[in-house]
Amino acid sequence: MLEIKNLHVKLEDEDKQILNGVDLTVPAGEVHAIMGPNGSGKSTLSYVLSGRDGYQVTEGEASLDGHDLLDMEPEERASAGLFLAFQYPVEIPGVGNLTFLRTALNAQRKARGEEELSSAEFLKLVREKAKTLKIDGEMLKRPVNVGFSGGEKKRNEILQMAMLEPRMCILDETDSGLDVDAMRLVADGVNALRSPERSFLVITHYQRLLDHIKPDVVHIMSAGRIVKTGGPELALEVERNGYGDLLAEVG
Amino acid sequence: MSVETGEAIEVREGVDRETVETVQNMGSYKYGWDTEIEMDYAPKGINEDIVRLISEKNAEPEWMLEWRLAAFRRWQTMVEPKWAMLNYPVIDYQDQYYYARPKSMAVKPKSLDEVDPKLLATYEKLGIPLKEQMILAGIEGAEGAPAEGRKVAVDAVFDSVSVGTTFKDELAKAGVIFCSISEAIREHPELVKKYLGSVVPQSDNFFATLNSAVFSDGSFVYVPPGTRCPMELSTYFRINAENTGQFERTLIIADKGAYVSYLEGCTAPKRDVAQLHAAVVEIVILEDAEVKYSTVQNWFPGDEEGKGGIYNFVTKRADCREARAKVMWTQVETGSAITWKYPSCILRGEESQGEFYSIAIANNMQQADTGTKMIHLGKNTRSRIVSKGISAGKAQNTYRGLVSMHPRATNSRNYTQCDSLLIGDQCGAHTVPYIEVKNTSSRVEHEATTSKVDDDQLFYCRARGIDEEAAVALVVNGFCREVLQALPMEFAMEAQSLVAISLEGSVG
Ligand SMILES: Nc1ncnc2c1ncn2[C@@H]1O[C@H](COP(=O)(O)OP(=O)(O)OP(=O)(O)O)[C@@H](O)[C@H]1O
Ligand SMILES: [Mg+2]
């Protein structure tokens with residue numbers, strides 16, 4: 001599904017290298033977690049995969065189902081099935097949450113040559129999904145993320161994910177700032193979407209989320225590279241001992 | 001990029017109502033067609049004979065001709081104003097046509113069946129709702145057919161002559177007069193004599209005075225005391241004759257306790273000769289009456305270099321003449337190469353209220369200098385201004401607003417909110433507020449913000465599958481939400497599409 005080979009990325013306007021040869025493969029149906037110290041390049045990786053401006057790929061490649069991601073516009077990547085739950089969801093004043101969702105969903109359907117959803121179909125679907133995430137009607141009508149609490153923003157990202165049904169979901173610290181109950185909701189939301197055709201890349205600092213979303217593989221990222229890959233026990237090790245010993249071990 | 005505003009830069013939070021519909025209709029300039037209807041021109045240039053000719057073509061009484069001539073003599077002594085932040089070639093007023101009418105209209109059709117089919121085709125392109133198209137097309141039984149949504153009466157102005165008025169019977173039953181101004185001059189001279197020029201005097205300004213001399217046609221509305229107009233009134237304007245000055249004149253009177261909502265919309269075909277337009281709209285509002293005047297204006301803005309766009313110099317003014325009179329101007333200005341327009345409110349009656357909601361979009365080489373004037377003369381008067389200016393390409397967008405509290409306008413209030421949004425770094429937004437407060441009990445509040453379309457917002461939209469142009473349209477529509485909400489439903493949709501259309505090519 002997602003294949004990243006030797007990815008090197010620098011900032012476009014600065015001589016600053018951030019990713020130094022990331023290698024990562026996430027097969028269909030698997031859940032991979034990425035952990036790593038602050039500033040190690042986790043968000044940068046997720047941004048580069050989704051096509052944000054400001055970065056320059058100097059070497060390497062990234063593909064989704066064999067299609068070269070780096071060659072596509074951000075919206076094309078989304079329609080191809082890539083989804084990023086943002087670490088910092090963006091506020092869009094004046095644009096209703098529902099309008100935003102519907103515009104996005106229909107844009108993707110159109111790009112894939114599918115029929116657009118009617119108002120009624122859309123509303124039914126969104127109400128159903130919102131309910132399981134405990135997102136009420138009022139929040140659906142409010143402008144996108146404006147005045148949402150940190151936890152509400154994250155739940156809203158998961159709602160978007162549930163509506164768009166992407167094949168490759170990247171969650172960038174979706175667990176940060178969530179209370180215990182909200183964490184459960186988010187984890188349940190993710191688990192409900194797990195399927196043999198869908199993969200997840202979960203960026204997190206905490207074992208807590210991984211208790212609910214059991215990863216198949218855990219990667220440790222440091223200084224712009226994946227330095228260690230292992231099973232779920234790797235996350236427990238980080239939780240217990242921090243990154244010190246781990247990183248010393250890999251040099 | 002240049003930003004001139006006294007206030008700190010911040011991005012405002014929007015209001016929390018669901019967007020009516022998503023943005024559609026991306027494509028090239030939508031209404032850039034040409035209708036081949038033969039024109040009947042007066043010769044180029046302006047002089048007393050042309051004024052006489054226009055008056056004669058409209059079969060006007062002597063008093064009207066005298067009124068026009070007085071205006072013309074006055075105009076000859078005036079000079080074109082230059083204070084606006086607008087830059088355009090010198091207009092040669094002798095090189096314009098001042099009168100044109102579709103030839104097939106030289107004799108008025110007895111029924112709408114006789115209306116030129118090409119004209120009906122233009123209604124279709126303009127997106128006039130089916131129901132009105134049917135009525136305009138004179139289809140039998142159309143009047144009785146259930147209207148989808150609210151009723152709108154259309155008085156179509158094709159160049160200079162009103163060619164069809166609908167819903168006349170129903171309006172007549174309510175006692176509402178809705179007709180062309182030339183018809184009103186003939187049929188209701190007492191009303192026209194009493195109110196014409198009473199809000200915008202003949203000598204008001206260069207363009208209004210020119211209009212007073214040569215106005216060809218326009219709309220007239222009178223709503224009698226205590227009457228709620230049973231439908232929205234709508235006029236669609238088009239400029240069609242090449243190099244023809246357009247001089248529409250609109251007069252609306254809401255008598256005591258009356259209510260009317262008036263919609264105006266217009267489009268224009270592609271041209272490469274700059275076109276002059278100088279319209280006047282006068283609104284008289286008496287005790288406890290209320291008028292809503294909504295405009296969606298998308299005249300041809302010119303090509304990417306600004307060639308061929310309309311020059312639009314408009315004087316619009318409402319006089320809240322008596323106690324508790326209320327007016328609400330809502331405008332969406334996306335067209336024209338040059339826009340010079342300040343819909344104003346004279347708050348004369350005690351406790352009268354004026355509101356102004358505006359979206360002005362300038363793209364490519366467009367220049368807009370627009371805003372409002374709130375003249376508080378009466379006690380306890382209220383006014384509210386919400387202006388959203390969007391600049392893209394190399395466009396210049398200026399908000400120019402006057403709030404004036406006169407000595408007798410005690411305990412009055414104004415709230416002004418003026419937000420500018422910049423797309424790209426070659427455009428400009430300017431905010432020029434004039435505030436005069438001549439009493440101690442009134443209060444004026446002014447807030448202004450300037451922001452750029454946020455890259456993070458665009459990326460967020462695109463990461464969800466929305467392409468860049470649609471993302472810009474979505475974000476900009478969000479920025480304009482408050483004003484779009486002030487529009488009647490049927491206009492709000494069109495306006496949203498227009499926002500998208502007028503910003504095409506502003507990114508990427
Ligand atoms: N646009 C930018 N300008 C300057 N520095 C940047 C930019 N984007 C990323 N960086 C730098 O690149 C490094 C990696 O940042 P990134 O956000 O990817 O880290 P992260 O692993 O997600 O950290 P965290 O765990 O704190 O979220 C950091 O040193 C960051 O400051
Ligand atoms: Mg991060």
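Predicted model: local features only at pLDDT ≥ 70, side-chain atom pairs only at ≥ 80, totals over all residues.
Local features require pLDDT of at least 70 and side-chain atom pairs pLDDT 80 or more, whereas totals for chains, interfaces and linings use all residues. Residues are numbered from 1 along each chain, and side-chain values use heavy atoms, with hydrogens and water left out.

The magnesium ion (ligand 2) has A:Ser43 (OG) and A:Gln87 (OE1) as its protein donors, at 2.0 to 2.2 Å (donors being N, O and S atoms within 2.8 Å of the metal, or 3.2 Å for Na, K and Ca; water is not among the atoms, so sites may look incomplete). Because A:Ser43 lies in helix H1 (residues 42–50) of chain A and A:Gln87 in the loop between strand S6 (82–85) and helix H3 (97–111), the pair ties together parts that are 44 residues apart in sequence; helices (H or I, at least four residues) and strands (E, at least two) are DSSP runs.

Over all chains, 29 salt bridges are found, each defined as a side-chain nitrogen of Lys or Arg within 4 Å of a carboxyl oxygen of Asp or Glu. In chain B, B:Glu322 and B:Lys256 meet at 2.7 Å, N to O, in a salt bridge. A network of salt bridges connects A:Glu73, A:Glu75, B:Arg462 and B:Glu468.

Definitions and conventions: Chains lettered and ligands numbered in written order.
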